[in-house]
Amino acid sequence: MKKFGLPFVRSIFVCTQKRPDGHPIPCCANRGGMALRMELKEMVKNQGKDKEVKVFTSGCLGACDHGPVAVQYPDGEYLLGITQDDLPEIFEDLMKD
Ligand code: FES
């Protein structure tokens, strides 16, 4: 194993977990997780910050009832129930130095 410092300042993991139709536990894919991730990634790229800020997809982050869910680092914050209207605020947080 090798260890080294991350080459980016901030990262966000957006849950895009998909469960089969009819599954009793909700999933972020059915609540728009992928579209939110793609739009946020595009916002970062358009700002020219895609080398410093990474917008990753993620499997289940353990808060399925509150999806779509994301986790942001280095703040270590859970973002729950994300909507399209939240993206500007999330983007601003990602742009912090
Ligand atoms: S499916 Fe997204 S947090 Fe569990």
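Two strands are said to pair if DSSP finds at least two bridges between them. The legends below describe close-up views of a predicted model.

**View 1. The hairpin of E3 and E4 has 3 residues between its strands.** Strand E3, which covers residues 70-73, is joined to strand E4, residues 77-79, by 3 bridges, and these two strands run antiparallel. Within the hairpin, glycine 76 takes a positive phi near 70°. Across the pair, valine 71 stands opposite tyrosine 78 in E4.

**View 2. Strands E1 and E3 are joined by 4 bridges and run antiparallel.** Two of the residue pairs can be followed here: phenylalanine 13 has valine 71 in E3 as its bridge partner, and isoleucine 12 has glutamine 72 in E3 as its bridge partner.

**View 3. The open sheet is made of 4 strands, in the order E2-E1-E3-E4.** The pairing in this sheet is mixed. Strand E2, residues 53-58, and strand E4, residues 77-79, stand at the edges, and because each has a single partner strand, one side of each is left without a neighbour in the sheet. From one strand to the next, the twist averages 20°. Helix H1 lies across E1 and E2, and the helix runs at about 165° to E2.

**View 4. Helix H1 (residues 33-46) and helix H2 (residues 87-94) cross at roughly 45°, with axes that come within 10 Å.** Since angles under 35 degrees count as roughly parallel and those from 65 to 115 as roughly perpendicular, the two helices are therefore described as oblique to each other. The crossing of H1 past H2 is right-handed. On the H1 side the contact is formed by Leu36, Glu39, Leu40, Met43 and Val44, which meet Leu87, Ile90, Phe91 and Leu94 in H2. Sorted by class, the residues in this contact are 8 nonpolar, no polar and 1 charged.

**View 5. Leucine 87 is found in helix H2.** Leaving aside its neighbours within four places in sequence, leucine 87 is in contact with Leu36, Glu39, Leu40 and Met43. Leucine 87 and glutamate 39 lie 48 residues apart along the chain, while their C-alpha atoms are separated by 8.2 Å.

**View 6. Lysine 18 has its place in the loop between strand E1 (10-15) and helix H1.** Not counting residues up to four places away in sequence, lysine 18 touches Cys27 and Ala29. Arginine 31 is 13 residues from lysine 18 in sequence, and the two are 9.7 Å apart in space, C-alpha to C-alpha. Lysine 18 has 15 other C-beta atoms within 10 Å and is therefore partly exposed.

Terms used: Residues numbered from 1 in each chain as written. Predicted model: local features only at pLDDT ≥ 70, side-chain atom pairs only at ≥ 80, totals over all residues. Axes fitted to C-alpha atoms, helices over the stretch in contact; angles between N-to-C directions. Parallel < 35°, antiparallel > 145°, perpendicular 65-115°, else oblique. Left-handed = near helix turned anticlockwise from the far one by under 90°. Contact = placed C-beta atoms within 7 Å. Nonpolar A, V, L, I, M, F, W, Y, C, P; charged D, E, K, R; others polar. Buried ≥ 20, exposed ≤ 12 C-beta atoms within 10 Å, placed from the backbone.
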